[in-house]
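Hello,

Please find the structure below. My notes on it follow.

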Amino acid sequence: MMEYQILSSCSKIRKEYENNPEIELFSEKINEIEEHLPKRVIEVFEAYKTPDETIDLVKKFLYEENIKLEEIIEDIKENLKNDKIKKNVRKYNVCKSSKLTVLIQGSAMIVELSKVSRKVIELLINISPVFTIEEISKIYNRKKDSFKDKDEYIKFTGDLEEKYKISQDDICIWKLYYSYENQKSGVLQKEILKETLEENKENIEVLKNWLSYLEKEEKNAACYLLYKVTGDKYFTERPCSTFFGKLSSKLKCSSRGREIKVDFKKYIMGEIPFEDVEKYIENEEVKFDFDIDDHIWNLPEDYSGRSLKLLFAIDQSSRILDSMIGYIEKNERGTVEDFIDILLEADVKHEHIVCFMAEEGEYLEVTEWFEKALIYLIKKEIDVLENLKNAFAEARVFAIKSIYNSDLDKETIKNTFEYLKDTSKMVRETAIEVLSKLSYEKLQEAMDVIKKYAKIKNKTVRMATVEILLNFKEEEEVKEILKEVFEKETEPKIKDLLVEGLEIDIKKLYVDENGYFDILLYVDELVKQDQSNKVKIPIEQLTKIRWKDKEEYIDEHVIKYFVKSYMESDELRINKDALLIGEHMNQKDLKEFVTQILNLWIEDGCKAKEKWMCLLASIHGDYNMLYKLNKLILELASSSKQKMASYVVKALALNGSSEALILVDAIGRKFKYKSVRTCAQEAFQLAAKELGCSVGQLQDKIVPTLGFTDVHYKEYDYGNRVLKVYINDNLQFEIEKEDGKTMKSLPKANKNDDEVMVQKAKDDFKILKKELKDAVKSQIDRMEEALSDFRMWNMDEWNELFMKNPIMHRLGKKLLWGQYEGSTLVKTFIYDDEIYDVNVDTIELDKDKKISIVHPLELSKEEKEAWKEIFEDNEIEQFFPQIKRRVFVCEDETIKFIEDFKNKKIDDTTFVNRISVRGWYKGSVTDGGGYDEFYKENIDLKIGAEVTLDEYLGVYGLGYEDVAAAKVEFYKAGTIERGSYVYDEIDEERRIKPIDVPKRYYSEILYDVYKVIEGE
């Protein structure tokens, strides 16, 4: 019988014996096993080149009943030692032989039935107890690395003593070996290790014997555990020897190496103070050049702390990070708070600890440890903000945000105000953000500091303080502070912020004796304390400006204040003070003045530091100024100054007039340079914010009428006759002749027509047809976006756009509309000359309810069928799918992202073209110049969507791959950083689960991806 035959036979005997424990029934089978078992065991010993003397002794023991093992075991062990097969006999490799492990398991199964089996177990237990017990354990109810449950473990350990006659010491050593090797497999193993160590903490020799079974790299960590349990310094000798050996060989010093290494060792062991080694750090180039985390946590804790203090002193942040990971995660020695306590006990400088936690937390994707560390430092009464000043800006931002996730004390809140003075705009904005989110009760704790900062000389700090206070403007105390600030403030930007934030009607504050707004009184108040002489442009050489409806020229200091309002602004925004002053200026003079300002800027090369001149010209310029700026945008972009061209586009949008917005819209759709084109699209958002309206409302302002009045006709004069041009319900032109007949194009001139007038009409009509085609396309796209984005109009806005504009009136007739109470649909309708419901009855709309394009998700099956029938019966052909639109619904609360499209491949060029047309942007370019993400964000909903492909694109261009949308995810808009080689990913904090996304937005995002894949 071979080894596995023996094991199989033993297994069958065991099962049969458990059912019927009559040993005579199995004697024949057992005799067969006993005949072959000793041979197979001896063969294994021989295969391992065991000394002949040992093999002879094993044979005698297994074959002769009168020899006791204790009589020969010492000789066996001595022979093995002398042969130097293994210095540690207890780990003799023969016991790891796959053949022998099978024989051990078989023997263990019938140990109470077979004398030979018992001898095999007894022999191997004495040679290598742990590995023999380990193999015996595998015949019990055990998974690969651990027992299935505690009851099975208890049964097994009881059998070791009673059934297999194994000593308590050997059982103890196996328990330690098993639980230590498998402690990461589950709670039971950790529990066994803890209990066994505690029960045997006085049994030092057994614990030492356990170490002999461990591999070299495991011994130091085990020694740490034994030292913690026993307090016996024997267990510190090995890890200390290893650590200091590494320190001596790997510590790099520029000179005096031996002296430094000796003193470092003495300091770590606590024999000399830190000052004795600090001198080396200040004057020498010293560096730890080994992975200290594998060794430092096997030392006594005070040694570890002093080692870390050295690492901090010589600025070895990567080694400290490795040590921190080793302490918390790899070795599971404690929490981040425990790690901080070790550093504090070692007297590591507070500044070093704070800066390290902030800088590493900002750098790494996993931030939880570092946030906890900073919060814990505050609880330990350490001034985090004070110790943070030498960290880099991003780290200061991380720290401020982290500590504001905890329960803040008064001093921390007060100290945060110091960061309003920070040199980094990013840090200042973060301080404003966190302070603005405080509860008013918390803010009150720092009110004495706030009052001081509201009056501070630094205008940037005053501005920040006002921004914070405006978040609490409903509170009486804050109202008084802001009122006092407003009365004394002379800085235009701050004044403007207060006027807007407090909704102050300037015209009611500065009135003459008759109660009318007095612009002179207002301006005098603005400039009376403003002695600034910063305006460098030659005001005196430019056109003088008169007051509106007067011949009186405005004083130069007023003009300077007006100019300075823009000059000192570092933001693209409308200055309310300057706008009000501009309204009271003679408009002809003002237009000439700002034209001259713009010319000065252009002549000086459009310098970035003087770009405010462009903003001033745009906001106060006339129609001619707008077209001058439009021309300048092309010139700048063509001269590789796309960044400046983009600035001018945004400045143009802030003019706010329909003419300006039409120019910006054209740039966003047609401009040659992509960066400028993208900027034009962003300009609408900027202008909307500054003008206090939505992007949709701005876009409504620029819907063309093409010269038609209301929804009627346009006339073309041929000299002898007049032709009327109408727009039909399919948004195409129809020309009505005098006899009432219609045609699609203007007729040729007849003998009575004026040929010059006819040609002029034809040229104009040719342009008109192109304009109609462009307008219809853009407005159809915009209406489909309005459907997706849930755009709403109030009654007046809707009437103005869809009842008076000839294009939108006809486009809207092909849509199903609804009135909404909040976001709930309460009424559906269509219109022609009147408003009709689903029963084709005329109805009145509620003036106080909003109107939007209905999404099919909001209709019941019956409503959808009814409206579908009405559209078909009336031959209303929709310009894009609405009622028949495909919808997507999420019903699974557990999913984090959508994988519905991952098996649908299309050509990469087609994918990129289609998804880009639908308003999606490419994600970050990563290693190798490739990218695999597209994203789209809804600013109003504050939700973004991201599509991740199953292949990277861009390395070799397009046309080489078939790709699929591997997953679609949702996230908080604006929270994912993107750019070249930016690796920011959607995490759990920023993720929005599909079930939590508004139903319409969810459906429309998936509809986008569906149309990209299917090509509909």
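Just past helix α29, E503 adopts a positive phi of about 55 degrees. Helices here are DSSP runs of H or I, at least four residues, and strands are runs of E, at least two, numbered from the N terminus.

This is a predicted model: local features need pLDDT of at least 70, side-chain atom pairs need 80 or more, and totals for chains, interfaces and linings use all residues. Numbering starts from 1 along each chain as its sequence is written, and side-chain values use heavy atoms, with hydrogens and water left out.

Confidence next. pLDDT is the predictor's confidence in each residue, from 0 to 100. The protein chain has a mean of 86, with 96% of its residues at 70 or more. Residues 84-89 stay under 50. The model has 13 contacts for them beyond four places in sequence (contact: heavy atoms within 4.5 Å).

Back to α29. Nine of the 10 residues in this helix (492-501) are buried, so it is largely enclosed by the rest of the structure. Buried means under 20% relative accessible area, exposed over 50%, partly exposed in between (1.4 Å probe, protein chains only). The buried residues of α29 pack against α27, α28, α30, α31, α32 and α33.

Now the cores. A nonpolar core is a set of buried Ala, Val, Leu, Ile, Met, Phe, Trp, Tyr and Cys residues joined through side-chain atoms within 4.5 Å. The largest has 173 residues, and F264, M357, F417, Y522 and V563 have the most contacts inside it. Helix α37 (642-653) gives the most to this core, eight residues. Another core, of 76 residues, lies apart from it and includes I76 and L214.

Then the strands. β4 (722-727) pairs antiparallel with β3 (714-717) over four bridges. Four bridges also join β4 to β5 (733-736), again antiparallel. Pairing requires at least two DSSP bridges between two strands. L723, V725 and I727 form the covered face of β4; V722, K724 and Y726 form the uncovered one. In the β3-β4 hairpin, G719 has a positive phi near 95 degrees. In the β4-β5 hairpin, L731 has one near 60 degrees.

Last, D753. It sits in the loop between β6 (742-743) and α41 (755-789). D753 is buried, at 8% relative accessible area. Its side chain makes a polar contact with the side chain of R721 at 2.8 Å. A polar contact is a pair of N or O atoms within 3.5 Å; within protein, one must be able to donate a hydrogen and the other to accept it, and residues adjacent in sequence count only if both atoms are side-chain atoms.

Best wishes
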